Amino acid sequence: MWYVIQVRTGSEENIRLQCEANISQNVMERCFIPYYEERRRIRGEWMTLKKILFPGYVFLITEEIDELFYQLKKVIGLTRLLGAGDEIIPLTERERDFLLRFGGENQIVEMSEGIIEQSRIRILSGPLMGMEGQIRKIDRHKRKAWLEVEMFGRVQRVEVGLEVAMKTV
């Protein structure tokens with residue numbers, strides 16, 4: 001089952017490393033942070049950077065949630081397993097499938113490419129293919145798209161890399 005830990009924004013990588021070091025491997029299968037690629041021009045050169053897809057969240061895969069809960073106490077920093085009340089709830093199958101389709105096995109959402117035709121976006125390649133209806137905003141200058149996805153029991157606004165090659169009127 002996939003679970004989510006809420007952490008202080010900016011400390012995600014530190015918490016991930018602590019989890020890998022302090023939680024035994026027979027309790028935790030994997031600990032990861034989904035990233036997205038972003039293209040940015042730095043000192044005249046185009047660079048591909050990795051940014052955190054869900055700031056403030058670290059993902060864990062385990063079958064022994066009770067043992068994981070106790071071993072998380074070894075992790076220094078603000079951590080809270082997401083759930084409802086006292087019950088810790090795993091990600092739904094739909095949320096898990098979305099993460100696997102969107103970020104792949106490495107959990108890195110690659111840049112998508114598309115064109116704008118008569119004020120409508122059409123994605124030509126990348127993980128955003130087929131998700132045009134979820135895109136809420138596009139910034140061609142920053143090469144980003146913002147979409148709304150249902151995650152953690154609510155609608156989350158997520159930003160990803162999008163290269164718009166052409167715009168027709």
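In which sense do strand E2 and E5 pair, and over how many bridges?

## Strand E5 and its partners

In this predicted model, strand E2, made up of residues 28-32, pairs with E5 in the antiparallel sense, and 4 bridges connect the two. Within this pairing, Met28 is found opposite Thr62 of E5. Strand E1, which spans residues 2-7, also runs antiparallel to E5 and is joined to it by 5 bridges, with Ile5 standing opposite Val58.

In a regular strand, side chains alternate between the two faces of the sheet. In E5, Tyr57, Phe59 and Ile61 point one way, while Val58, Leu60 and Thr62 point the other way, and all are buried. The strand is accordingly described as mostly covered, with 6 of its 6 residues buried.

Glu63 lies in the loop between strand E5 (57-62) and helix H2 (65-71). Its relative accessibility is 60%, and because exposed means over 50%, Glu63 counts as exposed. Together with Glu29, Glu64, Asp66 and Glu67, Glu63 forms a negative surface patch.

Strand E3, covering residues 35-42, runs antiparallel to E4, and 8 bridges join the two; Ile42 has Glu45 in E4 as its bridge partner.

How values were computed:
Residues are numbered from 1 along each chain as its sequence is written. This is a predicted model: local features need pLDDT of at least 70, side-chain atom pairs count only at pLDDT 80 or more; totals for chains, interfaces and linings use all residues. Side-chain values use heavy atoms; hydrogens and water are left out. Patches are made of residues with over 30% relative accessible area and no salt bridge: like charges are joined within 9 Å, nonpolar side chains (Val, Leu, Ile, Met, Phe, Trp, Tyr) within 5 Å. Accessible areas come from the Shrake-Rupley method with a 1.4 Å probe; for residues, only the protein chains shown count as cover. A salt bridge is a side-chain nitrogen of Lys or Arg within 4 Å of a carboxyl oxygen of Asp or Glu. Lys and Arg count as positive and Asp and Glu as negative; His and the chain ends are not counted. The place of a charge is taken as NZ of Lys, CZ of Arg, CG of Asp or CD of Glu. Buried means under 20% relative accessible area, exposed over 50%, partly exposed in between (1.4 Å probe, protein chains only). Two strands pair if DSSP finds at least two bridges between them.
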